[in-house]
Amino acid sequence: MNIEILKCHGSNNDFVLIDEMTGAYAFSEEDRVAIAKSLCDRNSIVGADGILFVLPSDVAEAQMRMFNPDGSEAEMCGNGLRCVARYVTEKLGKDEVVIETPEANLPVVKKEEMYEDIPSFEVNIEPVSFDAASLPLKSAHQIHIEQPIPVLSKDLTFTALSVPNPHLITVVPEIHDENLSWLGKVANQDKELLPNGVNVSYVQPLGDQKIFVRTYERGVGLTNACGTAMSASALTTVIVEMNQLNEEIFVFNRGGFVICTALKDGDDYVIKLRGNATYVYQSTVQLDVASGEVKEMKDRTLFEMENHAYAKMQSYAQEQITL
Ligand SMILES: N[C@@H](CCC[C@H](N)C(=O)O)C(=O)O
């Protein structure tokens with residue numbers, strides 16, 4: 001079958017967006033899983049960190065469903081939600097809309113450009129829970145903040161939270177990719193400890209309300225950036241590193257940077273995640289859903305100007321962390 005795709009990214013965490021509101025595809029649940037596995041495969045002619053299905057909603061302007069390359073569906077996707085925010089606001093000619101996600105209806109809003117010629121959006125990341133059962137994480141502590149997990153590490157401590165997808169956050173003086181990758185694999189294999197798997201992040205404080213975050217994503221592996229992980233990391237630094245609530249935290253990553261602000265609304269935390277929503281190209285792919293083979297890509301139109309603008313922003317982000 002022919003499927004129209006939009007390749008997009010937030011902080012170079014890249015996605016294939018498929019519009020099921022306009023396209024009369026009538027995918028089954030099995031189709032969505034198969035399409036996610038085929039189109040995200042880095043050996044195919046597309047390749048991505050995840051897939052975003054945009055569907056009609058009875059309670060919001062649109063609905064987002066996000067699948068990882070292994071075919072698992074995530075409760076939330078922060079970088080993906082900014083891309084969906086741009087897609088839906090531009091389609092409806094509005095500056096703010098609500099997007100239905102599996103656990104919450106989330107407001108998203110177009111913001112002033114965070115860097116020259118960078119379309120920028122802010123999305124709410126919620127509900128947030130520090131209850132270990134919300135991941136779930138098997139722990140002796142109901143609230144697992146800065147506590148060890150001996151099967152994962154002899155010396156590190158971890159903060160567990162769901163936003164609402166599951167995260168383990170560790171504040172470290174420096175980041176070693178091989179070590180994070182090992183930790184992420186072990187954590188995701190141990191179904192006694194973490195039955196639904198987990199996204200694992202190392203956070204390096206850079207001082208002055210700045211942090212660097214590297215994440216091993218559930219269902220993917222190491223990615224350039226993970227929006228929910230950066231949000232969870234910003235909130236964790238508010239709690240363990242005495243950063244301030246209601247103040248912007250600049251979160252740098254392999255693919256750029258975002259700005260997170262952790263707020264408290266009564267007893268509940270909400271994180272505002274602001275960052276780019278960049279279109280890479282649009283095209284039509286011919287896919288054999290049954291065999292998973294991506295046969296052909298046709299009519300590929302590159303968004304050259306915005307890719308060029310994003311490259312500049314990425315160099316700026318790199319300079320900020322090497323200064
Ligand atoms: N990259 C995303 C998160 C995608 C889902 C995640 N891998 C999970 O399974 O929870 C983001 O930007 O938040």
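The structure holds 19 salt bridges, a salt bridge being a side-chain nitrogen of Lys or Arg within 4 Å of a carboxyl oxygen of Asp or Glu. The model is predicted: local features need pLDDT of at least 70, side-chain atom pairs count only at pLDDT 80 or more, and totals for chains, interfaces and linings use all residues. Residues are numbered from 1 along each chain as its sequence is written, and side-chain values use heavy atoms, with hydrogens and water left out. Helices (H or I, at least four residues) and strands (E, at least two) are DSSP runs, numbered from the N terminus. Buried denotes under 20% relative accessible area, exposed over 50%, and partly exposed the range in between (1.4 Å probe, protein chains only).

**Salt bridges**

- Glutamate 90 and arginine 86 meet through their side chains in a salt bridge, at 2.9 Å from N to O. The two residues are four apart in helix H2 (residues 78–92), which separates them by about one helical turn. Glutamate 90 is partly exposed at 45% relative accessible area, whereas arginine 86 is buried at 7%.
- A salt bridge also joins aspartate 177 to arginine 254, with 3.1 Å between the closest N and O atoms. Aspartate 177 belongs to helix H3 (residues 177–189) and arginine 254 to the loop between strand E15 (248–253) and strand E16 (256–265), so the pair ties together parts 77 residues apart in sequence. Aspartate 177 is buried, with a relative accessibility of 18%; arginine 254 is partly exposed, with 42%.
- Arginine 274 pairs with glutamate 248 in a salt bridge whose closest N and O atoms are 2.7 Å apart. Because arginine 274 lies in strand E17 (residues 268–276) and glutamate 248 in strand E15, the contact ties together parts 26 residues apart in sequence. The arginine 274 side of the pair is buried at 14%, and glutamate 248 is partly exposed at 37%.
- A network of salt bridges links Glu20, Glu29, Arg32, Arg65 and Glu73.

- All six residues of strand E3 (residues 50–55) are buried, so the strand is largely enclosed by the rest of the structure. Gly50, Leu52 and Val54 point one way from E3, while Ile51, Phe53 and Leu55 point the other way. In a regular strand the side chains alternate between the two faces of the sheet.
- Strand E2 (residues 13–19) pairs with E3 in the parallel sense over five bridges, where pairing requires that DSSP find at least two bridges between two strands. Valine 16 stands opposite isoleucine 51 in E3.
- From E2 the chain crosses through helix H1 (residues 29–40) to E3 in a right-handed β-α-β crossover.
- E3 and strand E4 (residues 62–67) run antiparallel and are joined by five bridges, with isoleucine 51 opposite phenylalanine 67 in E4. These two strands, E3 and E4, form a hairpin with six residues between them.

**Strand E12 and its partners**

- Strand E11 (residues 166–171) runs parallel to strand E12 (residues 199–207), and five bridges join them. Histidine 167 stands opposite asparagine 199 in E12.
- The β-α-β crossover from E11 through H3 to E12 is right-handed.
- E12 pairs with strand E13 (residues 210–217) over seven bridges in the antiparallel sense, and glycine 207 stands opposite lysine 210 in E13.
- Two residues lie between E12 and E13 in the hairpin that they form, and aspartate 208 in the turn has a positive phi of about 55°.

Technical notes: Right-handed = clockwise from strand over helix to strand, strands pointing away.
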